[in-house]
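Subject: Structure handover

Hello,

Here is the structure you will be taking over. Please open it first, then read the notes below.

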Amino acid sequence: MRTTVGKRFWPGVIAAVACVVLLGGCGLRSASGAVLAAEPGSIQYYESLEGVPITVAAKDFTEQLILGNMLSTILSTAGADVTNLTNTPGSFGVRQAMLNGDANISPEYTGTGWINYLGNEQPIKGEIAQWQAVNDADQVNGLSWLPPAPMNNTYAFAIREDAAERLGVATLSDLTNLDRSELTFCVESEFASRNDGFVPMLQTYGLTRADLGNVVTLDTGVIYTATADGVCNFGEVFTTDGRIPALDLRVLEDDKAFFPLYNLTEVVATDLLAAHPELEEIFAQLNPKLTNETMLELNAKVDNDGDDPALVAREWLIEQGLVS
């Protein structure tokens, strides 16, 4: 099962460290290294970027495979000489590549930067406030965070559509209206013990563990199918996972805004951005189009349909008119 968005940061760190230490070994090597070619669309060719070396690093799970290839194709189309390090193992591998200067652009999530990379325990409320906080704090590391996309790949709870209709639930606040026997949950072990996890979430919504029915601890990859199969009514999920539409699950609205924000954006080496401010102009055309609904669809094409993430990325860019 893939790791998602760096929120589960420590599993796999030892392997990632080994890869980074042996730089040029497994830590910074794409599965293919290819950059799929495209012609300009609304994103034009920039003479100022012609031949400029840019290295894109992205993590090794579906969403990041799509996004890393997306950024690589966009930058190549805009004129840069792109090295594609999509499929770098883990959050730690990508972060170290950015800090060491082995990569200078990566798709990243504001909550990951604020909590996992910069070591803050409390998230900032509000998408723009959280982005501004992580951007300001990471300047000392020579990294800038561009204005984020609407897409927010955070924790959530999902329920089967038929069960949602039967129980009349659409928000997490609706849980308080249910009988104890219906309050059955599937969660992963880490989430059950996090300070932004299960028990504090229950408290925010006026519940305790004593108010619940059965709570099953499962591996992340199993939770989606277990929820769809009725092992529990409510399963812990990530909001842009392609299995949500594939398994006909409904994500409950976090109407009290408990969960941290993990909005997607591009992290760019500050010196590169200063030399080429047109990069912000380029990604300002992309980011507003990246919503949760978009990523659900694109992730599903890879995870459920078996499509190639690089082709999925380029086809979507063409559909949107960003490239041709």
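There are 0 salt bridges between domain 1 and domain 2. The rule for a salt bridge is a side-chain nitrogen of Lys or Arg within 4 Å of a carboxyl oxygen of Asp or Glu.

This is a predicted model: local features need pLDDT of at least 70, side-chain atom pairs count only at pLDDT 80 or more, and totals for chains, interfaces and linings use all residues. Numbering starts from 1 along each chain as its sequence is written, and side-chain values use heavy atoms, without hydrogens and water.

Domain 1 covers 47-152 + 263-320, and domain 2 covers 155-251. These bounds come from an automatic or database domain assignment. The two centres, taken over C-alpha atoms, are 29 Å apart. Domain 1 puts 11 residues into the contact and domain 2 puts in 10; contact means heavy atoms within 4.5 Å.

The domains bury about 750 Å² between them, with 49% from carbon and sulfur atoms. Buried area is the accessible area (1.4 Å probe) that two parts lose on being put together, summed over both.

Helix 13 (residues 292-303) gives the most to the side of domain 1 that touches domain 2: 5 residues. Helices here are DSSP runs (H or I, at least four residues), numbered from the N terminus.

One record note. UniProt, in an unreviewed entry, lists residues 53-318 as "domain: ABC-type glycine betaine transport system substrate-binding". Such annotations may be inferred rather than shown by experiment.

Best wishes

Methods
Helices (H or I, at least four residues) and strands (E, at least two) are DSSP runs, numbered from the N terminus.
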